[in-house]
Amino acid sequence: MTRGDGDGRHEEDPLRGGLTTGEVARRLGVAPTTVRSWDRRYGIGPDAHTGGRHRRWTAGDVARLERMCALTATGLPPAEAARVALGDTPPDPAPSARVPLPQPPPPPRGRSRAGSGMRLGDVRQESRGIARAALRLDAAALDELLLAAIADHGLVTAWTEVIMPTLQATGRKWETSGEKYVEVEHFLSWHVSGALRRSAPPVVADGPGITTVLACVPGENHTLPLEVLAAALAERGLPVRMFGAALPVESVVAAVRRTGPAAVGLWAQSRTTASRPLAQHVAAMEWGVRGARRKPVVLTLGPGWAGQTLAGLPHPPGLAEALAVVESVVSGR
């Protein structure tokens, strides 16, 4: 039986061999339409067709496309990159860069690279495609790959095993290359934020004493971990109020007083922003009628709280653990 590649998620057909266009696109971190366009415009397609519109890509076909992706990631125009990948001509460096660039050493066994020296470690295949799309600043492919990862694996697994490792690898990339790839990290973070919002269901209506308040502590601007927690809570039908980056102290207090939440998550990326007095003050706040006063459970979230043990305040190490704490708190109300 021959299977098409329209949705890009078919499994390899052992009777036919090779990969579908959609499977190849996911490996490369491009949209399937991009792969087809390269075939049509530059002739960098599969060596053999199965008839009609069906394409099957062999290992050699994929290797040529990987070569083209690596070249376009360096800024080479697609037409010239295709000629080089097809073996027609060596790449023509810019006049100001005639000296050949040193090739990076081969990755250690068991490691995965994104095609431009980005060490990804032992992660899912989708991370490689997402990293390549981010390096090329390919917005359409990046959105498609992020949304597919969330749809295929669920929000928690997609974040933990696909998206977060890619973000970490991107951060290491610019840190070790003289901050040359800052734009890639910002680009990837922006699209991850958009994918989280598009994938999450609408926030459910608040209920008395079951809402979760999420905010970054003053001076903290890293919001993505809180955004994924907010999306995961919404996915589970739990009401959440997200206040984002660098919320001033008086605003944190006001938000807690006005919402009467069951839980408050305070994110701190670094120890310089983590504030023990703020966390303790929020944890001591009370509301409700006399005789039935309530306090929020304050979650100290993020690496900034490491080593700052606060009695009675949970410090979940990851997304799944934070979700478990909030669900336990809400179910006990």
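## Salt bridges and a pocket

Across the whole structure, a search turns up seven salt bridges, a salt bridge being a side-chain nitrogen of Lys or Arg within 4 Å of a carboxyl oxygen of Asp or Glu. This is a predicted model, where local features need pLDDT of at least 70 and side-chain atom pairs count only at pLDDT 80 or more, while totals for chains, interfaces and linings use all residues. Residues are numbered from 1 along each chain as its sequence is written, and side-chain values use heavy atoms, with hydrogens and water left out.

**The chain as a whole**

- The secondary structure comes to 12 helices and four strands; helices (H or I, at least four residues) and strands (E, at least two) are DSSP runs, numbered from the N terminus.
- Of the 333 residues in the chain, 46% are buried. Buried means under 20% relative accessible area, exposed means over 50%, and partly exposed is in between (1.4 Å probe, protein chains only).
- Among contacts with a separation of 6 or more, 62% join residues 24 or more positions apart, where contact means heavy atoms within 4.5 Å.
- The chain has an accessible surface of about 16800 Å², and carbon and sulfur atoms account for 53% of it. Such areas come from the Shrake-Rupley method with a 1.4 Å probe, and for residues only the protein chains shown count as cover.

**A network of salt bridges**

- Which residues are linked in a network of salt bridges? They are Glu235, Arg236 and Glu327.
- Glutamate 235 pairs with arginine 236, their closest N and O atoms being 3.3 Å apart.
- Arginine 236 also meets glutamate 327 in a salt bridge, at 3.4 Å from N to O. This pair links distant parts of the chain, 91 residues apart: arginine 236 sits in the loop between H9 and strand E2 (240–242), and glutamate 327 in helix H12.
- Glutamate 235 is partly exposed at 41% relative accessibility, arginine 236 is partly exposed at 36%, and glutamate 327 is partly exposed at 34%.

**Another salt bridge**

- Glutamate 286 and lysine 295 form a salt bridge too, with 3.9 Å between the closest N and O atoms.
- Glutamate 286 counts as partly exposed at 36% relative accessibility, and lysine 295 counts as partly exposed at 41%.

**The second largest pocket**

- About 1100 Å³ of space lies in the second largest pocket. A pocket is an open set of points on a 1 Å grid over the protein atoms alone, with protein on both sides within 12 Å along at least five of seven lines; lining residues have an atom within 4 Å of a point. Grid points are joined across faces, edges and corners, and a volume is the space filled by probe spheres set on the points.
- The pocket has 38 lining residues, and His222, Leu224, Pro225, Trp267 and Gln269 lie nearest its centre.
- Helices H7 (155–175), H8 (182–199), H9 (224–235) and H12 (319–331) are the elements that each give two or more residues to this lining.
- Which element gives the largest share of the lining? It is H7, with nine residues.

**A buried glycine**

- Glycine 22 lies in helix H1 (residues 21–28) and is buried, with a relative accessible area of 2%.
- From C-alpha to C-alpha, glycine 22 and threonine 33 are 8.9 Å apart in space, and they are 11 residues apart in sequence.

Note on methods: 1 Å grid on protein atoms, 1.4 Å probe; cavity = no way out; pocket = protein on both sides within 12 Å on 5 of 7 lines; lining within 4 Å.
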